[in-house]
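Biologist: Could you take me through this protein, starting with its overall make-up and then its charged pairs?

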Amino acid sequence: MSSNLATKLRVGTKKAHTMAENVGFVKCFLKGVVEKTSYRKLVANFYFIYSAMEEEMEKHANHPIISKINFPQLHRKETLEQDLTYYYGANWREQIRLSSAGEAYVQRIRELSEKEPELLVAHSYTRYLGDLSGGQILKGIAETAMNLSDGGTAFYEFDEIPDEKGFKAKYRQTLDELAIDDATADRIVDEANAAFGMNMKMFQELEGNLIKAVGIMLYNSITRRRTRGSTELATAE
């Protein structure tokens with residue numbers, strides 16, 4: 001019997017998904033306004049979050065629900081380590097810090113693992129399906145906006161999943177086949193909405209850094225133009 005969980009998640013998180021896409025940091029990113037310092041802080045937060053999620057899911061390798069949706073080829077910890085090495089250097093572990101919103105996110109994952117592990121399905125769905133769905137687009141935006149040519153986007157690369165569309169279909173089918181009742185499905189949907197909310201808080205933390213950086217870039221650009229104009233005028237005289 002199908003739980004229709006995939007459909008329930010898609011429909012039940014539609015509003016939260018739209019809200020997350022309209023957070024300032026995300027809107028700027030999608031428009032190609034990306035600043036490397038803010039972005040690498042996001043990558044650092046993701047490292048802690050994915051590490052926690054993948055570690056906790058591995059703890060429940062024999063769980064009747066979690067074991068079904070724990071696909072190793074989706075894991076992002078190693079790709080995030082590659083990106084952190086690119087942005088911070090070999091000693092990245094000594095430099096990165098978890099933000100307040102990121103810490104709350106990690107704590108929630110640990111809490112669920114201990115008390116309600118079946119709700120980790122919501123976090124797997126929210127993170128991995130999003131990564132697969134928009135990964136290549138976001139990778140291209142990041143590369144262009146930050147002038148990346150030699151790394152920094154491993155997070156978006158799923159080398160072990162050659163057919164992303166087919167894999168997403170398989171993942172959704174697996175969700176539908178989970179042996180859960182309607183009450184559990186509803187709790188998973190509620191948790192997925194909460195996960196979107198936690199992501200939004202992380203993005204909002206970065207907005208201040210991004211706005212400041214963009215302001216500095218605009219100021220420098222205007223200053224250069226004024227200086228160039230003054231120089232050209234002096235030369236003409």
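The questions and answers below cover the fold, the surface and the salt bridges of a predicted model.

Biologist: How many helices and how many strands does the secondary structure of the protein come to?

Modeller: Read along the sequence, the pattern is α-α-α-α-α-α-α-α-α-α-α. The secondary structure comes to 11 helices and zero strands.

Biologist: Among contacts between residues at least 6 apart in sequence, what percentage join residues at least 24 apart?

Modeller: A contact here means heavy atoms within 4.5 Å. Of the contacts between residues at least 6 apart, those joining residues at least 24 apart make up 85%.

Biologist: What share of the 237 residues counts as buried?

Modeller: The accessible surface of the protein is about 12,700 Å², with 51% of that belonging to carbon and sulfur atoms. Buried means under 20% relative accessible area. Of the 237 residues, the share that counts as buried is 46%.

Biologist: Turning to charge, which helices hold arginine 93 and glutamate 81?

Modeller: The side chains of arginine 93 and glutamate 81 form a salt bridge at 3.5 Å, N to O. The pair ties together parts 12 residues apart in sequence, because arginine 93 lies in helix α7 and glutamate 81 in helix α6.

Biologist: Glutamate 118 and arginine 187 also meet in a salt bridge; how many residues apart in sequence are the parts that this pair ties together?

Modeller: Their N to O distance is 2.8 Å. Glutamate 118 sits in the loop between α8 and α9, and arginine 187 in helix α11, so the parts tied together are apart by 69 residues.

Biologist: By about how much of a helix are aspartate 131 and arginine 127 separated?

Modeller: These two side chains meet in a salt bridge at 3.8 Å, N to O, and both residues are buried. They are four residues apart in helix α9, so the separation is about one helical turn.

Biologist: Which residues are linked in a network of salt bridges?

Modeller: Side chains of opposite charge can pair when their charged atoms come close. For the protein, the count comes to 11 salt bridges. The residues linked in a network are Glu55, Glu56, Lys59 and Arg110.

Notes. Residues numbered from 1 in each chain as written. Predicted model: local features only at pLDDT ≥ 70, side-chain atom pairs only at ≥ 80, totals over all residues. Heavy atoms only, no water. Helix = DSSP H or I, 4+ residues; strand = E, 2+ residues; numbered from the N terminus. Buried < 20%, exposed > 50% of the residue type's maximum accessible area, 1.4 Å probe, protein only. Areas by Shrake-Rupley, 256 points an atom, 1.4 Å probe, with all protein chains shown as cover. Salt bridge = Lys/Arg side-chain N within 4 Å of Asp/Glu carboxyl O.
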